[in-house]
Amino acid sequence: MTSLARPLSYSRCFWLTNEVELYQATLDDVLALPIFKQEESSLPPDNENKILPFQYVLCAATSPAVKLHDETLTYLNQGQSYEIRMLDNRKLGELPEINGKLVKSIFRVVFHDRRLQYTEHQQLEGWRWNRPGDRILDIDIPMSVGIIDPRANPNQLNTVEFLWDPAKRTSVFIQVHCISTEFTMRKHGGEKGVPFRVQIDTFKENENGEYTEHLHSASCQIKVFKPKGADRKQKTDREKMEKRTPHEKEKYQPSYETTILTECSPWPEITYVNNSPSPGFNSSHSSFSLGEGNGSPNHQPEPPPPVTDNLLPTTTPQEAQQWLHRNRFSTFTRLFTNFSGADLLKLTRDDVIQICGPADGIRLFNALKGRMVRPRLTIYVCQESLQLREQQQQQQQQQQKHEDGDSNGTFFVYHAIYLEELTAVELTEKIAQLFSISPCQISQIYKQGPTGIHVLISDEMIQNFQEEACFILDTMKAETNDSYHIILK
């Protein structure tokens, strides 16, 4: 076994940790937007004296061509097994509840660049399509030591998990089967591979026996090359550094034999929640309380208010996550994990397009601002009733005693109906929804024509309705007991 695979003493680990803290900084591909300046606040605060409960060491050398204040970068060969040592780094008496018990660790290979994180699902699905039957991440089980019940979900190509005992020696050998250039668009005839991240999240068992209580997370940046390509790249970087002057070399990190995974925030476990009500009408209502020929609107149930799903400034980050799922922005939920409604509403159109791309960016911006698509046709309807007609007749008699006839203020109440398809079927459904009945209870819809004739409503007639036309709805008992004819006057 090479020197890279030699056991690493605890003192060596502590020394490496202190050295790594000198050059670790923010990710160099962070978007230059003001909204991201505080995004890293979710990470644990730096503390030189802090000793993490666990430490993970990837047995692969870091690149020498990384600037002093940038994150380390490690080159891996596609399909080659690399050891990651799982070290128990707890102080005496720390986390006694896991003594003699197993913990669970979840390994992931994810994108380092934000723009690829936004479209991670589509990127992985495209990779699955091009590489059917292959996985992005695997465990080399024969070479691994101390792992229990290793699992790889066939629907999560980039994730593996297992149980392990912190009190025992544990080494996991992983294999990454994708290469960095598979996710890079070809530009001007050349390609530059995208960086990935290896992230490890460790959990302890809760009272119900489920491994859901988070203990520790750490990650490192990697690039994956075709077989032996990582060795050639490491050699090239080393030769470039040797040609630099001593002054220039001071701006770069030294190459370390192993890579220490640095503490990070846990990978968000997205819960898909959809609280939006089902569209359409409620067909459970079977009564349309109309009198013989005419009904009173005073007895009609008030239609439910239209469902609005506009994001509000008071929306919490958890509610904002649900809003993103409901509006088909699940791809971006990880990016906006800690964003409240006020945070999202502060984004400008250019910000959103830069984050999400032109197509999804414009769609998200319109959704954030609550921009609704204008309906093709709007009409107003009011249900006529015998009671209102009697009141109107009484008014007409009383109006003779007054100079203006609106003194009593009796008036019809109208409801707006918005039509998109401009069809008789759509109008039937909208009227049924307005009065909380089933469309089956409406037999036909007529429009009162010249000399009081009843003209059957057709698609062509609706298409020739004037915008914001007003109609009085009259009802007439149909031949069957449970249905009615609707007449638009």
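Predicted model: local features only at pLDDT ≥ 70, side-chain atom pairs only at ≥ 80, totals over all residues.

Residues are numbered from 1 along each chain as its sequence is written, and side-chain values use heavy atoms, with hydrogens and water left out.

**Aromatic pairs**

- Searching the whole structure gives 9 aromatic pairs. Rings of Phe, Tyr and Trp (its six-membered ring) pair if their centres lie within 6.5 Å; planes under 30 degrees apart count as stacked, over 60 as edge-to-face and the rest as tilted.
- In one of them, the ring centres of Y75 and F225 lie 5.4 Å apart with planes at 85°, so this pair is edge-to-face.
- Y75 sits in strand β2 (residues 73–77) and F225 in strand β10 (residues 211–225), so the pair links parts of the chain 150 residues apart. Helices (H or I, at least four residues) and strands (E, at least two) are DSSP runs, numbered from the N terminus.
- F225 counts as partly exposed, at 23% relative accessibility.
- F183 and F196 also pair edge-to-face, with centres 5.9 Å apart and planes at 85°. F183 lies in the loop between β8 (170–176) and β9 (196–205), while F196 belongs to strand β9.

**Helix α9**

- Helix α9 (residues 358–368) has G361, L364, F365, A367 and L368 buried.
- Viewed down the axis of α9, these buried residues fall within an arc of 160°, so they line one face of the helix. The arc is that of the directions from the helix axis to the C-beta atoms.
- On the face of α9 turned away from the buried side are the exposed residues P358 and A359.
- The buried residues of α9 pack against α6 (317–326), α7 (341–345) and α8 (349–356), where contact means heavy atoms within 4.5 Å.
- After α9 comes G370, with a positive phi near 65°.

**Strands and sheets**

- An open sheet is formed by 5 strands in the order β5-β8-β3-β1-β11, with antiparallel pairing. Two strands pair if DSSP finds at least two bridges between them.
- β5 (137–139) and β11 (259–260) stand at the edges with a single partner strand each, so one side of each has no neighbour in the sheet.
- Strand β3 (residues 82–88) pairs with β8 over 5 bridges, and R85 has S171 in β8 as its bridge partner.
- In strand β4 (residues 103–111), 9 of the 9 residues are buried, so the strand is largely enclosed by the rest of the structure.
- β4 pairs in the antiparallel sense with strand β7 (residues 159–164) over 6 bridges, and 8 bridges join β4 to β9, also antiparallel.

**The largest cavity**

- The largest cavity has a volume of about 60 Å³. On a 1 Å grid over the protein atoms alone, a cavity is a set of points where a 1.4 Å probe fits but cannot get out, and lining residues have an atom within 4 Å of a point. Grid points are joined across faces, edges and corners, and a volume is the space filled by probe spheres set on the points.
- Its lining residues include F111, F183 and F196.
- β4 gives the largest share of this lining, 3 residues.

Terms used. Buried < 20%, exposed > 50% of the residue type's maximum accessible area, 1.4 Å probe, protein only. 1 Å grid on protein atoms, 1.4 Å probe; cavity = no way out; pocket = protein on both sides within 12 Å on 5 of 7 lines; lining within 4 Å.
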